[in-house]
Amino acid sequence: MTKRAVYLDYNATTPIRPEVKKLMVEALDLYANASSMHEAGRRAKAEVEKARASVAALIGAANPSSVYFTSGGSESNNTVFMTMLEEAKKSPRRKIITTAIEHPCVLNSAAHLHDEGLPVVFLPVDDNGRIDMDVYGKELTDDTLLVSVMAANNEIGTIEDIPLIAKMAVAKGAYVHTDATQAAGKIPVSVSDWGVDYLTLSCHKIYGPKGIGALYVRKGVPIEPLIRGGHQENGVRAGTYNNLGIIGFGMAAELALAELPEYNRDVRRLRNMLRDEISARIPYVRINGHPTEVLPNTLDVSFPGAEGESILLSLDLEGIEVSTGSACASGSLEPSHVLMATGVGPELAHGSIRFSLGKYTTEEEIRYVVEKLPPIIARLRRMSTVSAESAAVVGHK
Ligand SMILES: Cc1ncc(COP(=O)(O)O)c(C=O)c1O
């Protein structure tokens with residue numbers, strides 16, 4: 001087989017789908033300020049509201065006005081945490097409960113609240129990445145202000161039991177937030193079925209443009225602007241409407257919802273094929289994440305005795321684009337905080353690769369990957385000073 005580009009990093013971001021691209025190109029001419037009162041402004045505003053309804057439909061929100069557009073998942077998550085900082089000044093409740101495996105924008109927002117004097121709990125997770133419900137039950141006290149648990153993890157794909165987590169939090173009078181950035185478009189998401197107060201979305205994970213996202217805020221719960229200014233978004237998020245991004249988001253959301261069953265079926269079949277072929281062809285691999293409660297497109301694998309960055313670079317030379325948990329790209333050689341939280345030791349965490357498939361992944365691409373991968377792992381293991389077998393044993397804490 002000749003070298004080709006095989007993109008298996010859809011959890012990092014997705015390409016803009018052609019239908020969305022076409023609509024956005026047309027929307028480039030819709031330059032009017034959506035807050036302007038003239039006809040062109042009103043036309044732009046109508047498109048913004050149409051998109052809001054599509055995003056609301058994707059997350060089962062009955063009222064589109066509960067959806068606020070933001071610049072993405074990071075901003076939405078920061079908005080919730082900064083709202084809680086304000087809320088803690090007025091409320092006897094102060095405790096923030098989140099998990100050890102959240103995206104850095106949640107972890108760092110929670111750490112900021114801790115620095116500001118609020119008690120913050122980072123819940124531990126089990127070997128499969130699901131939160132420890134016993135610890136959660138004990139930590140969920142009457143002074144809990146917010147429970148924030150991601151719907152699905154970006155690295156290992158584990159899906160948390162948000163309906164149960166939310167039910168328990170609501171019974172204690174706490175607000176509930178979920179970061180559904182990775183869940184939306186991959187599994188059904190419903191703010192009403194889940195019973196959450198706040199939900200985060202990002203458009204670039206669902207085949208739409210970057211720099212646009214949303215925050216669902218249930219009517220009646222507190223919300224403070226992170227960006228102050230004009231009256232846009234009911235004063236919750238100032239700044240001239242990003243017509244182009246919002247219109248792209250609307251169509252991406254509409255298509256994601258319409259195609260969910262088909263996407264889920266197709267991507268799951270290819271992910272399972274990749275998982276089964278890797279397990280059959282390469283000894284001593286460990287599949288990370290939950291065996292069943294996992295995103296249909298995500299496969300995180302540890303290859304003991306081989307180093308993650310070396311695997312990534314070797315695959316890249318073959319045109320295969322994947323991710324590794326350790327944050328080498330950001331200048332740190334720290335192993336993945338997610339894998340470490342699931343009890344994978346640093347040796348295994350350093351040798352882990354995330355394959356995230358998407359709607360354009362083909363069977364031919366998976367066949368190409370399972371042909372190229374085994375010799376790469378074998379070569380790296382030969383060069384390693386630790387045997388795969390012993391690394392597999394010591395790698396798990
Ligand atoms: C779970 C999760 N939350 C939040 C984000 C941040 O989203 P954005 O890139 O839109 O700021 C990401 C992106 O990687 C993510 O995977």
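Biologist: How many bridges join strand 2 to strand 8?
Modeller: In this predicted model, strand 2 (residues 67-70) and strand 8 run antiparallel and are joined by four bridges.

Biologist: Which residue of strand 8 does F69 stand opposite?
Modeller: F69 stands opposite A214 in strand 8.

Biologist: And how many bridges join strand 7 to strand 8?
Modeller: Five bridges connect strand 7 (residues 198-202) with strand 8, and these strands run antiparallel. In one of the pairs, S202 has G213 of strand 8 as its bridge partner.

Biologist: Is strand 8 mostly covered or uncovered?
Modeller: Strand 8 (residues 213-217) is mostly covered, with five of its five residues buried.

Biologist: Which residues lie on each side of strand 8?
Modeller: G213, L215 and V217 are on one side, while A214 and Y216 are on the other. Both faces are covered, and all of these residues are buried. In a regular strand, the side chains alternate between the two faces of the sheet.

Biologist: Changing topic, what is the strand order in the open sheet of four strands?
Modeller: The order is 9-10-13-12, with antiparallel pairing. Strand 9 (286-288) and strand 12 (323-324) are the edge strands, each pairing on one side only.

Biologist: How many bridges link strand 9 and strand 10?
Modeller: Strand 9 pairs with strand 10 (residues 298-302) over three bridges, in the antiparallel sense. I287 has V301 in strand 10 as its bridge partner.

Biologist: Which strands does helix 8 lie across?
Modeller: Helix 8 lies across strand 9, strand 10 and strand 13 (352-356), and runs at about 15° to strand 10.

Biologist: What about helix 9, which strands does it lie across?
Modeller: Helix 9 (residues 308-317) lies across strand 12 and strand 13, at about 45° to strand 13.

Biologist: Back to helix 8: at what angle does its axis cross that of helix 2?
Modeller: The axes of helix 2 (residues 39-58) and helix 8 (residues 243-281) cross at roughly 35° and come within 8 Å.

Biologist: Is that crossing of helix 2 and helix 8 left-handed or right-handed?
Modeller: The crossing of these two helices is left-handed.

Biologist: Which residues meet there, and how many are nonpolar, polar or charged?
Modeller: From helix 2, the residues include A44, V48, A51, V55 and L58. Among those they meet in helix 8 are I246, I247, F249, A253 and L257. The residues of the contact between helix 2 and helix 8 comprise 12 nonpolar, three polar and three charged. E47 and K50 of helix 2 also take part, as does E254 of helix 8.

Methods:
Residues are numbered from 1 along each chain as its sequence is written. This is a predicted model: local features need pLDDT of at least 70, side-chain atom pairs count only at pLDDT 80 or more; totals for chains, interfaces and linings use all residues. Axes are lines fitted to C-alpha atoms, for helices over the stretch in contact, and angles run from 0 to 180 degrees between N-to-C directions. A crossing is left-handed if the near helix is turned anticlockwise from the far one by less than a right angle, and right-handed if clockwise. Two residues are in contact if their C-beta atoms, placed from the backbone, lie within 7 Å. Ala, Val, Leu, Ile, Met, Phe, Trp, Tyr, Cys and Pro count as nonpolar, Asp, Glu, Lys and Arg as charged, and the others, Gly among them, as polar. Two strands pair if DSSP finds at least two bridges between them. A residue is buried if 20 or more other C-beta atoms lie within 10 Å of its own, exposed if 12 or fewer, and partly exposed in between; C-beta atoms are placed from the backbone.
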